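Please find below a colleague's note on the model under review. The points are numbered, and each may be read on its own.

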Amino acid sequence: MNANPIIELQQITKSYRIGTDRYLALKGIDLRINSNEFIAITGPSGSGKSTLMNILGCLSQPDSGHYRLGDNDVASASEDDLAGYRNRSIGFIFQSFNLFAQLTVLDNVIYPLKFRWGQTQAQRKAKALQVLASVGLSDKINNLPNQLSGGQRQRVAIARALVTEPEILLGDEPTGNLDSNTTDEIMALFRQLHANGQTIVLVTHEPEIAAQCQRELRLVDGQIVQDRRREGAQFAPVSPAFRAKAQQEIAC
Ligand SMILES: Nc1ncnc2c1ncn2[C@@H]1O[C@H](COP(=O)(O)OP(=O)(O)OP(=O)(O)O)[C@@H](O)[C@H]1O
Ligand SMILES: [Mg+2]
């Protein structure tokens, strides 16, 4: 097995304040994520999946425990450091896409690069165009998000998450708002990214999606109760039209 952990969690806990009480949402999570793993996080509603993803994505801090991301100690980082880790190391995709409604597809994808020093606007644009081509959206770069289908919106969000070349791509139910054909297309894209070396962690309720990942972590009541690996992931069918279009655009 690849012994190159890019993330290591030790005894992570997280609680939320409810009135004068605290609710313990994560009860001591231990987890190593190696480079180029493709992981599904499953579990019942309320089991702590989003809480865990938000900590992995440096969107929130644990109450206690250790979180090492590359060489960085995240659990004790300042807000500024967290923002830096998010921009440099993490690509985050949400169920509801979270695109900037008033920006074009191209400007949505360029946006994270604005926080990078030492790149000209032309270099940023070239990089954004390259990533948009890789997700099959070269013909939509001037559209606004509301002029796209759900699957296209999610592909913009994936392009925006990838444009900074993050070490890890995190998706909290990224296909939760999509129909089954569009889900197949987005999963085909994740598999292709994984085949190209991307480390990916997805939260999902759907067993067919978890079956396409190499490893499944099951959370129940704030604890990992199962951590299993699949030898060969079962791939859902990809529509021929999408495959042809993606291959054509990648070839450009
Ligand atoms: N901001 C908050 N304040 C108080 N409690 C919260 C807050 N966010 C989450 N919780 C509680 O923490 C627990 C875990 O929530 P979380 O959102 O991580 O679950 P989940 O596994 O992602 O669920 P779902 O599948 O419904 O998205 C739940 O019991 C939830 O009610
Ligand atoms: Mg959730």
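1. Which residue in strand 4 is the bridge partner of Gln 10? The partner is His 66. This pair belongs to a predicted model, in which local features need pLDDT of at least 70, side-chain atom pairs count only at pLDDT 80 or more, and totals for chains, interfaces and linings use all residues. Residues are numbered from 1 along each chain as its sequence is written, while chains are lettered from A and ligands numbered from 1 in the order in which they are written.

2. Overall composition. The protein has eight helices and ten strands; helices (H or I, at least four residues) and strands (E, at least two) are DSSP runs, numbered from the N terminus. The radius of gyration is 18 Å, close to the 18 Å that the globule rule gives for 252 residues, so the protein is as compact as a globular protein of that length. Here the radius is taken over C-alpha atoms, and the rule is 2.2 Å times the number of residues to the power 0.38. The C-alpha trace spans about 50 × 40 × 40 Å along its principal axes.

3. Of the 252 residues, 37% count as buried. A residue is buried if 20 or more other C-beta atoms lie within 10 Å of its own, exposed if 12 or fewer, and partly exposed in between, with C-beta atoms placed from the backbone. Among contacts with a separation of 6 or more, 69% are made by residues 24 or more positions apart; a contact requires C-beta atoms, placed from the backbone, to lie within 7 Å.

4. Strands in the order 2-1-4-5 form an open sheet with antiparallel pairing, where two strands pair if DSSP finds at least two bridges between them. Strand 2 and strand 5 (72-73) are at the edges with a single partner strand each, so one side of each is left without a neighbour in the sheet. Strand 1 and strand 4 (residues 64-69) are joined in the antiparallel sense by five bridges.

5. A second open sheet has the order 6-7-8-3-9-10 and mixed pairing. Strand 6 (90-94) and strand 10 (223-229) stand at its edges, each with a single partner strand, so one side of each lacks a neighbour in the sheet. Neighbouring strands are turned by 15 degrees against each other on average, direction ignored; axes are lines fitted to C-alpha atoms, for helices over the stretch in contact, and angles run from 0 to 180 degrees between N-to-C directions.

6. Strand 7 and its surroundings. Strand 7 (residues 168-172) pairs with strand 6 in the parallel sense over five bridges; Ile 90 stands opposite Ile 168, and Gly 91 opposite Leu 169. Five bridges also join strand 7 to strand 8 (residues 199-203), again parallel, and Leu 170 has Val 201 as its bridge partner there. In a regular strand the side chains alternate between the two faces of the sheet. Both faces of strand 7 are covered, with Ile 168, Leu 170 and Asp 172 buried on one side and Leu 169 and Gly 171 buried on the other. Helix 5 (residues 150-162) lies across strand 6 and strand 7, at about 165 degrees to strand 6.

7. Two residues with positive phi. Is Glu 165 buried or exposed? Glu 165, in the loop between helix 5 and strand 7, has phi near 55 degrees; it is exposed, because 11 other C-beta atoms lie within 10 Å. Glu 173, in the loop between strand 7 and helix 6 (180-195), has a positive phi of about 50 degrees, and is buried, with 21 other C-beta atoms within 10 Å.

8. Asn 98 is found in the loop between strand 6 and helix 3 (105-110). It counts as partly exposed, with 13 C-beta neighbours inside 10 Å. The C-alpha atoms of Asn 98 and Ala 157 are separated by 7.5 Å, although the two are 59 residues apart along the chain.

Key: Contact = placed C-beta atoms within 7 Å.
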